[in-house]
Amino acid sequence: MPTELQQMIEVVAKDKGIDPSIVIGAIEDAYLAASRKVFKSEEDLRSRFNLDTGQVELYAVRQIVPEVTNAAREISLQEAQDLYGDEAEVGMEIEFPKDTEKLGRIAAQTAKQVIAQRVREAEREKIYAEFSQRIGEVVNATVKRFESGDIIAEVGRVEAQVPRKEQSRAENYSIGDRVRAVIKAVSKNAKGPQVILSRTDPALLIKLFEQEVPEIYDGTVVIRGAVREAGDRAKVAVYSRERDVDPVGACVGMRGTRVQAIIRELRGEKIDIVEWSEDPVTFVTKALSPARVQRVTIVDDEQRVMEVVVEDRQLSLAIGKKGQNVRLAAKLSGWKIDIKNEEEKRKEVEAQLEGLTVGPSAVESRPLSLPGIHDEVVAGLRAAGYDTADKVLDADPAQLASLPGFDQDTVDAVIAAARAEIAASEDAGAAPAPATGQEE
């Protein structure tokens, strides 16, 4: 029949979910610590839990030596042979039982503290070992209490923490509410709950898509990136490994049922699902949805900077509330995005053209006329040696685009004007008129 101590060991081990041998080890250490306080000797004390009797036994161990120099830890060969016969040899150890009844109340208190500490350490080791393998997993938790804005929730029998910064501002909870969250981290040395949960991490969004979209679960559709501003908006980049499968349509589902389930779970957070592309221009164009983009220009490939031009009425949509849309698109694509509307871009081009420096003599001596083209543009062409409409038309567009202040729009306009000027001259049967640029 199990003793009271054995029953206590089984109860503690079961309650804490740890191996009984850990509790037994803690009890042995506790008795040893308590006995050292009581006996205060130089003896080599050792404790051992007797599984047959269900009691902790305490021993003073002495080693057999030819000549005794420390009577507390050594015993002579002759004395040992008197006790145990000829079997006793030098180097062997002999255990002498000690009376544990002398340990008393103080020793019992010390033992209690040591046992509690060892059990806590074992419990924390077990939690760390279990949850460190589950980081990124979505779990169901029950709100237990609140501490300084943090939510303390239970995952099974383990307490977990949802720090304030990991909570969505669109959500409020009460004690007893159930919450789905992703395991973000596990601490080994934290004083409070070791398991950290998050409702704001993009990993939660990815896991929810994996649960709702079979094509993601089986690997046909892959999520290549996800960014969130929890409670407001999120963007997810998806890619299909099969040509016949529309990745965006698979995530949206029939009549939006799949994505709507995720939006409900995230308390109304807007989700933009965009198709991932290897081409950065295409990807950024899609990442800025729902805004429609007119054109995208890579300004600095090394620094990953892009300029995006949109229609005037699309500008606010492209930027989003407090810059949220462009901020999320930049984070998703990994490119710095500079958004401009048409009016801003036009003024920028004009400012660049006004900065061109052209020699007066060149303007006067070059017989080039391009109706509808700004004077400074014409002067720039003359300075570069394009002093007739024919030379402009014969020129390589790439060379024209490389002139200071010229871009593709300017080159297209210049070529069209040169072509019109030559046609007009041929109709009139006369050579082109002397150089005079005109306002656009």
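**Close-up views of a predicted model**

View 1. Ser-198 sits in strand E9 (residues 195-198); helices (H or I, at least four residues) and strands (E, at least two) are DSSP runs, numbered from the N terminus. This is a predicted model, in which local features need pLDDT of at least 70, side-chain atom pairs count only at pLDDT 80 or more, and totals for chains, interfaces and linings use all residues. Residues are numbered from 1 along each chain as its sequence is written, and side-chain values use heavy atoms, with hydrogens and water left out. Ser-198 has a relative accessible area of 0%, so it is buried (under 20% relative accessible area, 1.4 Å probe, protein chains only). A polar atom of the Ser-198 side chain lies 3.1 Å from the backbone nitrogen of Thr-200. Beyond neighbours within four places in sequence, Ser-198 is in contact (heavy atoms within 4.5 Å) with Glu-166, Ala-181, Val-182, Lys-184 and Leu-204.

**View 2. The largest nonpolar core.** Here you can find 23 residues, and Val-284, Leu-288 and Val-308 are among those with the most contacts inside the core. A nonpolar core is a set of buried Ala, Val, Leu, Ile, Met, Phe, Trp, Tyr and Cys residues joined through side-chain atoms within 4.5 Å. Elements giving two or more residues include helix H9 (280-287) and helix H11 (324-333). H11 provides the largest share, four residues.

**View 3. The open sheet E13-E14-E15.** Three strands follow this order, with mixed pairing; two strands pair if DSSP finds at least two bridges between them. E14 and E15 run parallel and are joined by six bridges. Look for Val-309, whose bridge partner in E15 is Lys-340.

Definitions and conventions: Buried means under 20% relative accessible area, exposed over 50%, partly exposed in between (1.4 Å probe, protein chains only). A polar contact is a pair of N or O atoms within 3.5 Å; within protein, one must be able to donate a hydrogen and the other to accept it, and residues adjacent in sequence count only if both atoms are side-chain atoms.
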